[in-house]
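Subject: Structure handover

Dear colleague,

I am passing on the structure we spoke of, with notes on what turned up in it. Please look it over before you read on.

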Amino acid sequence: MKILVIEDNQNVCSMIEMFFSKEGIEGTFVHDGLEGYESYKRETWDLLIIDWMLPGMDGVNLCRKIRDENNAVPIIMLTAKDSESDQVLGLEMGADDYVTKPFSPLALMARIKAVSRRYNQVLKDETDRGESASRLIKINKDTREVFLKGEPIGNLTPKEFDLLSFFVQHPRQVFSREQLLERVWGYHYYGDERTVDVHIKRLRKKLGTQTHPLFHTVWGVGYKFDETVENHEA
């Protein structure tokens with residue numbers, strides 16, 4: 001596994017580097033947002049870890065800039081900001097997960113493994129299951145492309161792609177937020193369950209319409225994907 005870490009705190013970098021060595025992960029460490037962006041552009045990475053506060057370019061804008069160009073690389077944000085609005089902002093900018101400082105390196109490793117495991121599992125599931133049964137949405141298992149009514153949807157983040165793929169594979173089944181966190185994020189998520197709400201909201205905005213929503217709220221339970229229901233209050 002090849003990971004780019006963009007973090008300006010040398011102590012944090014040293015700690016992460018030590019655990020990378022134990023896990024056999026190839027880590028590259030950059031301490032400036034602009035330099036981190038250049039490093040990201042030069043090579044192919046399995047995962048990015050980006051600190052929120054960076055010189056040159058802050059982590060939120062860096063994450064957004066990368067997402068504008070690449071939806072196929074997982075991103076974990078490191079942040080000392082623990083307010084709900086800050087966490088939601090990081091997810092809105094395209095991060096797949098976030099870790100709040102101070103953090104246990106074991107917890108970070110668990111997040112890295114979970115994000116990577118789920119990312120790889122989605123690819124395997126698509127290969128095993130073949131083409132989507134959806135009449136509206138087609139998912140290309142090789143290129144991670146999504147087509148809605150034949151038109152490409154090119155602005156999905158990796159986690160949005162994972163969540164959409166999961167729902168399309170389980171049409172009309174209702175899942176709680178906790179189930180979605182476990183099945184899509186790949187581990188028992190101890191953060192705010194509203195992470196799911198943020199991703200559902202973004203998918204609704206990118207894929208649904210007022211007259212034909214695809215993601216439906218089942219009040220008191222969770223969410224379901226149903227493309228057969230029209231004029232339904234989402």
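Helix α6 has 12 residues and reaches 16 Å from its first C-alpha to its last, close to the 16 Å expected at 1.5 Å a residue. Bear in mind that this is a predicted model. Of the 12 residues in α6, 12 are buried, so the helix is largely enclosed by the rest of the structure.

Helix α6 (residues 158–169) lies across β6 and β7, and runs at about 120° to β6. These two strands belong to an open sheet of three, ordered β6-β7-β8, with antiparallel pairing. Its edge strands, each pairing on one side only, are β6 (137–140) and β8 (151–153). From one strand to the next the twist averages 30°. Four bridges hold the antiparallel pairing of β6 with β7 (residues 145–148), and Lys-138 stands opposite Phe-147 in β7.

The other sheet to note is also open and has five strands in the order β2-β1-β3-β4-β5, with parallel pairing. Here the edges are β2 (26–30) and β5 (97–100), each of which pairs on one side only. The twist in this sheet averages 20° from one strand to the next. Strands β1 (residues 2–6) and β3 (residues 47–51) run parallel and are joined by four bridges; Ile-3 stands opposite Leu-47 in β3. Helix α2 (residues 33–42) lies across β1, β2 and β3, at about 160° to β1.

Now the aromatic side chains. A search of the whole structure gives seven aromatic pairs. One of them is Phe-20 with Phe-29, a tilted pair at 6.0 Å centre to centre and 40° between the planes; both residues are buried. Another is Phe-167 with Phe-215, edge-to-face at 5.5 Å centre to centre and 75° between the planes. Phe-167 lies in α6 and Phe-215 in strand β10 (residues 215–218), so this pair ties together parts that are 48 residues apart in sequence. Phe-167 is buried at a relative accessible area of 0%, and Phe-215 counts as buried at 1%. Both also belong to one aromatic cluster, formed by Phe-166, Phe-167, Phe-175, Phe-215 and Phe-225.

Two lysines sit over rings. The charged end of Lys-22 is over the ring of Phe-19, 5.0 Å from its centre. That of Lys-65 is over the ring of Tyr-37, 4.8 Å from the ring centre.

Regards

How values were computed
Residues numbered from 1 in each chain as written. Predicted model: local features only at pLDDT ≥ 70, side-chain atom pairs only at ≥ 80, totals over all residues. Heavy atoms only, no water. Pairing = 2+ DSSP bridges. Axes fitted to C-alpha atoms, helices over the stretch in contact; angles between N-to-C directions. Contact = heavy atoms within 4.5 Å. Expected span 1.5 Å × (residues − 1). Buried < 20%, exposed > 50% of the residue type's maximum accessible area, 1.4 Å probe, protein only. Phe/Tyr/Trp six-rings, centres within 6.5 Å; stacked < 30°, edge-to-face > 60°. Lys NZ or Arg CZ within 6 Å of the ring centre and 35° of its normal.
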